[in-house]
Amino acid sequence: MYRVAITGVGLVSTLGRSWSDVSHALRTGISGVHVDEERRQRGFRSPLTGIIPSDISQGFLNRKQKKTMPDFAEWAYVAVYDALTQSGLSMADIANEQTGLIFGCDSSCIAAVEQVERLNDARDTQSIGSGYVFRSMTSTITMNLNTLLGTKGACWTLSSACSSGGHAVGQAADLIRLGRQDRVICGGAQEVNWQSMCSFDGLGAFSTRVTEPDKASRPFDADRDGLVPSGGAAALILERYESALARGAVILGEVIGYGFSSDGLHISVPSGDGLKRAMHAALADGNMSAQEVDYVCAHATSTPAGDEAEANTIHEVFGEHKPYISSTKSLTGHELWMSGASQVVYSTIMANDQFLAANANFQTPDHASKGLNILTESIACAPKIILCNSAGFGGTNSCLLLRYHHAL
């Protein structure tokens, strides 16, 4: 089995795009949650959302290239561009059969809506244009990026609700460990338009703390009243460890374990047992004990049932050991399909900059979170072993075990 190095990361996040901006936001607790007035005017129960600047991909892609790409695919390209730049890999280095491309994404709603609106207006399918065929497919990210980057290995999009990004990173790591790819560009992306969130809003799952947007996302807190939808794109460059060393790459971290499971129980209510099995599987895969984990980057989205299930699971897995715990969603909102990948990026930034972000807005523990070592403020820390949890509708779970070498 080959070792898997992280040599580059990229983000288009509500916290920023550059490593330094995102690091600063995580360290100081700057929230990316805001009120969207259009959602308020359209009758949303909650107008809260993460915001991505509309000009984030300006200068990266030409008009023809954008024709087949929804905005979140453009964000994915920007994140991959930044990750490749950091890794030191050139376009020539990745244009081969040993470079794969796997992204997590579970919707492309806006393109479907827009093409129907065009048909309703024109009453003529020929007026819709060819670009919508590719923009409306769930695999739009990898089909577009593969064309733009020229990779010739694995190329697919993985859809598993809010664990999509986590499974994409885990599967990418497995391909490298098994010797089937030398490197894989992987990550996740999530659209943030109101069209994709209106039915979700109707379920009453979103926080309504509208007068205090930065305090709305409250993972593990007794006063949480729902999640805040968010999105963007996160990208990682994973490489065979020995190959990365041989070319003189800076090793940012290492993926040492991947665990997955499904609850097999309820379509929207997590059992906790499934996540527990995935956590144990990741630890076993990485040949680590629970007592060796320094930090848990929690899935916790700020929903009453989900946070409680994860808190109970953490108690069961770690017992008397009390690793640091926080959910970056307290600052970003819930980045949905991309969140499992973005947690790995956020963890990599924190580990290399030697701090851990606070679980913002955590003031009062409930019966489940009581006794957990949840960070109420950011701390200086050089974590060696980090466990990233992600879970999604349908009871699908992903856990990634990461090692950081500054602490070795």
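1. The sulfur of Cys399 lies 9.1 Å from the closest cysteine sulfur, that of Cys388, which is too far for a bond. A disulfide here is a pair of cysteine sulfur atoms within 2.5 Å. Cys399 is also buried, at 0% relative accessible area. Buried means under 20% relative accessible area, exposed over 50% and partly exposed in between, with a 1.4 Å probe and protein chains only.

2. This is a predicted model, in which local features need pLDDT of at least 70 and side-chain atom pairs count only at pLDDT 80 or more, while totals for chains, interfaces and linings use all residues. Residues are numbered from 1 along each chain as its sequence is written, and side-chain values use heavy atoms, without hydrogens and water.

3. For Cys381, the closest cysteine sulfur is in Cys297, 13 Å away, so the gap is too far for a bond. Cys381 has 17% relative accessibility and therefore counts as buried. The disulfide count is zero.

4. Helix α4 (residues 71-87) and helix α8 (residues 140-149) have axes that come within 10 Å and cross at roughly 50 degrees. The pair is therefore oblique. Angles under 35 degrees count as roughly parallel, over 145 as roughly antiparallel, 65 to 115 as roughly perpendicular and the rest as oblique. Helices are DSSP runs (H or I, at least four residues), numbered from the N terminus.

5. On the α4 side, the contact (heavy atoms within 4.5 Å) includes Phe72, Tyr77 and Leu84. On the α8 side, Thr140, Ile141 and Leu149 are among the residues involved. By class, the contact has ten nonpolar residues, one polar and no charged ones.

Terms used. Axes fitted to C-alpha atoms, helices over the stretch in contact; angles between N-to-C directions. Helix = DSSP H or I, 4+ residues; strand = E, 2+ residues; numbered from the N terminus. Nonpolar A, V, L, I, M, F, W, Y, C, P; charged D, E, K, R; others polar.
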